[in-house]
Amino acid sequence: MKVIAIIPARYASTRFPGKPLADLGGVKVINRVVAQVKKAGIEAIVATDSTDIMDCVLGAGGSAVLTRDNHKSGTDRIKEAADKICTDADIIINVQGDEPFIRPGQIRQLAEIFERYPDTDIATLAKRFDPALGIDALCSPNLVKVTFSDNMDALYFSRSVIPYVRGVAREDWLKECTFHTHLGIYAYRREVLGEVTRLPQSSLEKAESLEQLRWLQAGYRIKVGVTDFDTVGIDTPEDLADAERFLGNHPEFRL
C-alpha cells in the first residue's frame, strides 16, 4: 500500500491565531510536525489556507499546498489537498498541524491497521486512561472517550464517560473498569475520504460535536489501535509554554 500524510494547518485559530508558525525550541510548530511524519518514512504534505504557513514549510524543505479558507473541518481540507496533488495513495493519514510530538511509531501503527484488517475504512488511535489522573479528569467533556469491540471496531466516541459503571460509586469507577481516551489522528482509504466528506452532519455528531460520529453513524468501520503514548496538542499560548517544558524533558523530539 502507498501511504501519505496530509497535515491540515489553518492560520486563524480562535484561541491561538498563527499557532503553526509559533516557535518551539527554535523550530516552527508546523515544521516539527512535518519532521515527525518524515521520521516514520512517510511523505508529508501540509494543507493550509495561509501563504505564510506554506512559505514557512517550503522554506524548510517540506511540501505544502494552498487550500480554501472556508473549510469546516480538517478532513475537508485534506480532501481538497488530496485532489489538488492528484495523489494515488491507498491510505491518507490526517496528522494535526498542532501535534509536534506525534511519534513516528504511532503513524506507522495507523498504516499497519489496514494491513492487519483489510476491511478497515478508517483507522484511529486510543490510549488507556491513566487512573492516577483521577475521576475528574476522566469526566472532563474535553477528553473524548472511546469504546471498541474485541475485534477493535469502534463502538462509540463520547465526551461523557463510557462505559457507565452501574452499581459502583463514581469515585470507584477507575478501580472497576478500564477506560480509553481518543487521540485525534486518523487514516482513511482514499476512496473513503472522498465519501465521508460528502456526508451531511449526523444527529450524533451534532449532539457531541465529534466529526467521527458522522462516519460511524453512516456505517463506516473505524478500527482502533491502542498506543502507550499520549499526544501533546497546542491549542493556546499556555499550551505552547507547556510544550517547551515537555521538549526540554524529552530529548528524542529535539531536531
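The numbered points below go through the charged pairs, then a strand, then the pocket.

1. A word on conventions before the details. This is a predicted model, in which local features need pLDDT of at least 70, side-chain atom pairs count only at pLDDT 80 or more, and totals for chains, interfaces and linings use all residues. Residues are numbered from 1 along each chain as its sequence is written, and side-chain values use heavy atoms, with hydrogens and water left out.

2. Let me start with the charged pairs. Side chains of opposite charge can pair when their charged atoms come close. Taking a salt bridge as a side-chain nitrogen of Lys or Arg within 4 Å of a carboxyl oxygen of Asp or Glu, the model has 15 salt bridges.

3. One of these is formed by Arg 15 and Asp 235, with 3.7 Å from N to O. The two residues are 220 residues apart: Arg 15 sits in the loop between β1 (3-9) and β2 (23-24), and Asp 235 in the loop between β11 (222-227) and α10 (237-249). Helices (H or I, at least four residues) and strands (E, at least two) are DSSP runs, numbered from the N terminus. For accessibility, buried means under 20% relative accessible area, exposed over 50%, and partly exposed in between (1.4 Å probe, protein chains only). Arg 15 is exposed at 57%, while Asp 235 is partly exposed at 29%.

4. Arg 103 and Glu 252 make another salt bridge, again with 3.7 Å from N to O. Here Arg 103 belongs to the loop between β6 (91-94) and α4 (104-116), Glu 252 lies in the segment after α10, and 149 residues separate them. Arg 103 is buried, with a relative accessible area of 18%, whereas Glu 252 is partly exposed at 40%.

5. Elsewhere, shared partners join Arg 15, Lys 19, Asp 98 and Asp 235 into one salt-bridge network.

6. How many of the 10 residues of strand β10 (residues 180-189) are buried? Nine are, so the strand is largely enclosed by the rest of the structure. Two strands pair if DSSP finds at least two bridges between them. β10 runs antiparallel to β6, with four bridges, and Asn 94 stands opposite Tyr 186 of β10. β10 also runs antiparallel to β7, joined by seven bridges, and there Ala 123 faces Ala 187.

7. On to the largest pocket, which holds about 1800 Å³ of space. A pocket is an open set of points on a 1 Å grid over the protein atoms alone where a 1.4 Å probe fits, with protein on both sides within 12 Å along at least five of seven lines; lining residues have an atom within 4 Å of a point. The lining has 42 residues, and the closest to the centre are Gln 96, Asp 98, Arg 159, Gly 184 and Asp 235.

8. Which element gives the most to this lining? β10 does, with five residues. β1, α3 (74-85), β10 and α9 each supply at least two residues. By class, the lining has nine nonpolar, 19 polar and 14 charged residues, where Ala, Val, Leu, Ile, Met, Phe, Trp, Tyr, Cys and Pro count as nonpolar, Asp, Glu, Lys and Arg as charged, and the others, Gly among them, as polar.

Conventions:
Grid points are joined across faces, edges and corners, and a volume is the space filled by probe spheres set on the points.
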